Amino acid sequence: MIPLLGVTWLFGLFLSLHKAFAYIFTIFNSTQGILIFVLHCVRNSQIRERLKRTMNIIFPSAADHGNSAKKSSQFNPSDASEVRAVEMQAFKE
């Protein structure tokens with residue numbers, strides 16, 4: 001993170017030398033949020049896995065939607081404890 005933040009301010013120090021440094025400084029500073037998101041969130045496998053689980057909860061797939069009545073009638077209470085254990089284990093890691 002320090003190189004990402006530091007490089008942009010190197011161009012900020014050279015603002016008085018040439019007008020082009022002002023444009024470069026502005027472009028780099030405006031893209032820092034996107035770069036931080038990509039470098040920290042997109043490349044992190046734990047965050048990607050958690051996002052996939054959340055998206056599956058919010059937007060269940062069409063194939064699962066058609067079978068939801070069958071699955072709910074065949075619910076096994078022992079399966080719930082296994083799922084909870086897996087979720088808790090993933091959360092701790």
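Let's start with Q32, which sits in helix α3, a stretch covering residues 32-42. This is a predicted model, and in it Q32 has a relative accessibility of 13%. Buried means under 20%, so Q32 counts as buried.

What does Q32 touch, once residues up to four places away in sequence are set aside? The contacts are L4, L5 and T8.

## A nonpolar patch on the surface

Over on the surface, there's a nonpolar patch built from V7, L10, L13, F14, L17, Y23, I27 and F28. Together these residues have about 810 Å² of accessible area.

L10 belongs to helix α1 and comes out as partly exposed, because its relative accessibility is 46%. V7 is also part of helix α1; with a relative accessible area of 37%, V7 is partly exposed too. V7 and N29 are 22 residues apart along the chain, and 9.8 Å separates their C-alpha atoms.

Averaged over the chain, pLDDT is 75, and 66% of the residues score at least 70. Where is confidence highest, and where is it lowest? The top spot goes to helix α4 (residues 45-58), at a mean of 91, while helix α6 (residues 68-73) has the lowest mean, at 50.

Definitions and conventions:
Residues are numbered from 1 along each chain as its sequence is written. This is a predicted model: local features need pLDDT of at least 70, side-chain atom pairs count only at pLDDT 80 or more; totals for chains, interfaces and linings use all residues. Side-chain values use heavy atoms; hydrogens and water are left out. Helices (H or I, at least four residues) and strands (E, at least two) are DSSP runs, numbered from the N terminus. Buried means under 20% relative accessible area, exposed over 50%, partly exposed in between (1.4 Å probe, protein chains only). Contact means heavy atoms within 4.5 Å. pLDDT is the predictor's confidence in each residue, from 0 to 100. Patches are made of residues with over 30% relative accessible area and no salt bridge: like charges are joined within 9 Å, nonpolar side chains (Val, Leu, Ile, Met, Phe, Trp, Tyr) within 5 Å. Accessible areas come from the Shrake-Rupley method with a 1.4 Å probe; for residues, only the protein chains shown count as cover. A salt bridge is a side-chain nitrogen of Lys or Arg within 4 Å of a carboxyl oxygen of Asp or Glu.
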